[in-house]
Every structure is written in structure tokens, then in C-alpha cells.
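Please keep the sequence and the model in view while reading.

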Amino acid sequence: MVVVNRASDVSQLGDVDDLDEEPGEVIESAPPLRVGQERELNNSGLKKRLLHKGIGWETPDSGDEVTVHYVGSLLDGGTFDSTRDRNEPSTFTLGRGEFVGGLDQGIATMTEGEIALFTVPPHLGYGEAGRQGVPPNSVVQFEVQLISWITVVDVCKDGGIVKKIMEKGNKNAQPGDLDEVLVKYKVKLDDDSVVAQTFEKGIEFYMKDGQLCPALPKAIKTMKRGEKVKLIVQPQYAFGEVGRDAENEFGLIPPSSVLSIDLELVSFKPVIDVTGDSKVFKKILVEGADTIAASEGATVTVRYTAKLEDGTILEKKGFDGEDPLQFITDEEQVISGLDQAVATMMKGEQSIVTIHSEYGYGSIEVKLDISIVPPNSNIIYEVEMLDFVKEKASWEMSEQEKIETAGRKKEDGNRLFKIGKYQRAGKKYDKAVDYISEDGCFGDGDHKVIKALRVSCWLNGAACCLKLNNFNGAIELCSKVLDIEFHNVKALYRRAQAYMGTADLVLAELDIKKALEVEPRNREVKLMQKNLKQLQGESNKRDATLYTNMFAHMRNDSSVATKKLKVEKAEDKKGDAEVVATEMGKVAVSSDSGMAVDS
């Protein structure tokens, strides 16, 4: 980042004729210096002339340990300090004032191997005091070569774990809390005695389980594969005021010890909580060759070995000359846990999937190809994704294909609804609507068909929501229908049901009245009106009792009255919920007959 000062020689900035920035304004994308070109940095008086380009684009940050060669000289050419004369480069921490202050900000602009000449004004150099060989208030010049630097990271931002990157890792991914990591480490005290060390092959563990001391997983989370670091760990992140007894061939760690740890992240295996409730985990052994996962509705081809937790093999697919398994995800053609895990896999990926019985075969005993799955058994699958063909996306379809696909999705939803698969049915209705969204460019002759499809899917989706007691979802879907068909009786009926489920009896009454205005003799709506009146009657009785007790308590001690009133309100709320649940059950029975899903 460079700050341009119009008082400086703007012509030295290269092709910047069109600059409109005010003096001192920060320019995020200032052009890089060319060899021989000079520029003032940060409007500070410090000037940099590039003598030799470096490698790459990365530059050191404040706090990093830089190693440089430099030659310091006066403007008349007299040299007053030189690492080259000593044949020994200088290493210091950038930004700590350990070297000439002005050079800190100059070196922060350099890349590895770069050589630059910095002209340092007195207030950024040796000031009024000067130094040996430098008179007071002298402008000095430093020819600097940035040999290398070690990136230094304050892991916890409190100085408790300082990480020096000795060798950079590859790729950008870093391990997470669930991942399994393979690391090597050697732990030393201040006197260089080794107090802990892994074997040559390293040690493997899950991040959530921790290892050695609190500092280790915290540091590992900031590392990349192949990265090697040196950690300086303060006692609060090591073994604290207690220390650690001697273990095996290693000595004890005294209380309040500062540790020096050489650490390498050899590799890690990502672990994904597929279902979000810690009941289906996928550990990736071999990453896929692509960046696109199968997702729902894909036709997948996999091979796997299924085992119990004790290692008993249950079945194999795709081995020993047997064909691999092919199925469509999200169609319940395999157990739910395997279905959901495979939908996240990429071509060529190999993973271990651990499935809780809730997402497996549940409490029943099942005979598979090789062995029996006992009730309530967790299952472990070693799965390889051989191939998949994704469901055709809407943007790949013609308008007619979109309409036809939406119709098929709706029919799939209807079949699922009839067998009680309300969650999956609702997803089918949602997908159907996605294909015929208002963003599509449909012909004039298609609008009537599309509108009917949307209305039907929204209504059927609302029916699914009611079955699942998702009353707010039902209200939202019915409201979409009523926005375009304000007199739709099914939408009014189902929204009234949902309002009764949320105890919004006034809104339920309004929808029932509107429905009866359209169809005065509708038996289902009349039955709901009767149930609503019962609910309202019960609610009015409880309100009357509540207010009677409230005024009676006003004559008693106010603190006692307040406590009793709180209890009565809680009981009243509970009573409302119980009555609504009971009456909703009655309404649900009636809705199954006269207000079923659209065919």
C-alpha cells in the first residue's frame, strides 16, 4: 500500500497521468516499482529506489523475523556500517525498533531476494543525536537485500503461543475441530532438555481429543499440510503451575515452564458432521479429483464395505468381481446416513462414514449379504465414489422441460405424502416450484399452467407443514397462494388451521369467515369453525378466571399476588397449548378427508 504525496515527483510513479487522488490519499493498487525507479513511501519522507527485483509477491509483516544484508552510507558515499564487510547478515524482528526505525516500514515493502536503496531522513534515522560515523541531523542511505524472513504469528493474540513458520505448508486448507491430524513434535525446556517427542512416523489424533498440552491443537488449527513451525509456549498454554511428572524416558516438566516445541503438521483427514447432530460423520481418506459434489438427486455409483463397530463385515459392493452399487440420492434407496454422506462426495473421493443407528436400520434386525445387523447398531462404511451424474439443472433445460420436470416433482411429492413421508414430500414440492420460478422466460401460453402448478405445490407444501406441526411454514405458503388467489378456499382453510396451531384465534376466525363467504356450505370449513368456537370459549373462560383472581389478589400483599399471577399465567399458557393441540387433532382428522393434497 502506498501513499502518494503530490509534493513529490509524480512523474516517478510511472503511468499515473489520470490520478485524481488528493495528497496523502491511500491508493490500494499502486503500480510496482520498476528497476531504477524511486518512490516516497507513506508520505513519510522515506524514499525507496528498486535496484534488483525479488521473487514472488509476498512481503514480511510487523513481528516477523527478517534476515538482511545492508550497507549504510552518507550522501557523500562514506560507509558507516556494513554487514557485507562483516560477511554476516543481520536478523531482527520487524516493527520492534531493533534497527533503524525508518527501515522497518521500507523492508516491509520488499520481497524475497529484493535489493533496494532507501534514503532515510533524519527523523526516521539517527536524528539529532547521530551515531558513530553519522553526524547529527544527517540524511543516510541503506542498500538492503532481503535474504529471507520467518513469519511470526501470535496464535491467541496474548503472547501465550508464538508461532514461527520455519517451512511453509502446501494448499490453503487448515484442520478443524473434528479433523484427524498426523503430527511430529519435539518439546524442549529453556535448558534445551527434551521432555517429550513423537516417534519418527509421528502421532495421529482427533483435534477434539487434544494432545500433549492446550497449545498444540490451538497452533495446529493455524497450520497447513507440510508446515513446520517453532512454538514458544507460555505456562498457561502448557502445563501451568502444576507441571508434569516424568514420563517414559523423558524428564519432568517443572511448574510454570516455558516450552519450545518443534512441530510439523504432516497431514490431516477432514471430518465432516454430515447431519449436523453428530450422528453421521464422514472422514475423508482420499480427496476427490473435482470440486463438485454429487448433491441431492444425483445418480451415483459407489463401492463400499459395511462393518459393525467390532469389525464384523456386513456386506460388500463393487469388490471381488461384483458390480458396484448405483442409486439416486435423496430417494431413500439406501439408509439415510449413507444417502446423505454420499451426496457430499466428489468423484474419486474415498471416505469412512460412521452412521448412528438412528440414520441406519434403527431398532430392527436386518439381514444383509454377509451378516446380520443387530438392533440399534452403528455402522461404518468405507466408501469410494466411482462416478455420479447430477440431476439436470434448471438453467440447462428448455422452458417446456422445466414445466414437465416440475410436474414430475409434484407427482413424486404426492406419492410421498400418501405414504406419510411429509418431510421429503415437502422438499419435492419446493423443488417443483424452483423449476418454474418467476425468473423463467415462459411463453404467454404457459403462464396458466405454471400458475396452477405453483398454487398446487404451495398448497400441498402447506399440508406437509401442518402434518409436521410447522405452522409458520404453512402460513407462509398459504399466504403466497392468497397473494395471487385471494379467494382460494384451500389456502384459507389451511392457513386457519395453522393460525389455530399458533393460538392466533382472531386471525384463524378471519380466514374461516372469508372461506365461508366463498363456499358457505363447505362442510370442512364449518367443522373447523365449530372447533374454533370451542377454543375461543375455553380461552374466554380462562381469561375470566385470570382477571377475577387478579383483582382478588390486588387486595392482598403485592409481592404474593405477583408470584401467584406469574404461576397462573404460566398455567394458562400451558392450558392454551394443550387445548389447541387437542382441537388441532380434531381438525386434522377432518382435513384428511375433504382438503387432501392436489392431484
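**Aromatic cluster and helix packing**

One aromatic cluster is formed by Y70, F80, F92, F99, Y126 and F142. The model is a predicted one, in which local features require pLDDT of at least 70 and side-chain atom pairs count only at pLDDT 80 or more, whereas totals for chains, interfaces and linings use all residues. Residues are numbered from 1 along each chain as its sequence is written, and side-chain values use heavy atoms, with hydrogens and water left out.

A pair of aromatic rings is described by the distance of the centres and the angle of the planes. Rings of Phe, Tyr and Trp (for Trp, the six-membered ring) pair if their centres lie within 6.5 Å; planes under 30 degrees apart are stacked, those over 60 are edge-to-face and the rest are tilted. By this rule the count is eight aromatic pairs. In one of them, the ring centres of Y70 and F142 are 5.9 Å apart and the planes stand at 65°, so the pair is edge-to-face. Because Y70 belongs to strand β5 (residues 65–74) and F142 to strand β9 (residues 140–154), this pair ties together parts that are 72 residues apart in sequence. Strands (E, at least two residues) and helices (H or I, at least four) are DSSP runs, numbered from the N terminus.

Y70 is buried, at 5% relative accessible area, and F142 is likewise buried, at 0%. Here buried means under 20% relative accessible area, exposed means over 50%, and partly exposed lies in between (1.4 Å probe, protein chains only). F142 also pairs with F99: the centres of these rings are 5.7 Å apart and their planes lie at 70°, so this pair too is edge-to-face. F99 sits in the loop between β7 (90–93) and α2 (101–107), while F142 is in strand β9, so the pair ties together parts 43 residues apart in sequence. F99 is buried as well, with a relative accessible area of 16%.

The account now turns to the helices. Helix α8 (residues 471–484) packs with helix α9 (residues 489–501) at an angle of about 155°, their axes being 9 Å apart. That angle makes α8 roughly antiparallel to α9. Axes are lines fitted to C-alpha atoms, for helices over the stretch in contact, and angles run from 0 to 180 degrees between N-to-C directions. Angles under 35 degrees count as roughly parallel, over 145 as roughly antiparallel, 65 to 115 as roughly perpendicular and the rest as oblique. On the α8 side, the residues in contact (heavy atoms within 4.5 Å) include F471, I475 and L482, and those of α9 include L492, R495 and Y499.

Helix α9 also packs with α7 (residues 447–467), at an angle of about 20° and with the axes 10 Å apart. α7 and α9 are therefore roughly parallel to each other. L459, N460, A463 and L466 of α7 make this contact with K490, A491, R494, Q497 and A498 of α9.

Two loop residues remain. Most residues other than glycine have a negative phi. A503, in the loop between α9 and α10 (505–518), has a positive phi near 65°. A503 is partly exposed, with a relative accessible area of 42%. S295, in the loop between β17 (280–286) and β18 (299–308), has a positive phi near 70°. At 28% relative accessibility, S295 is also partly exposed.
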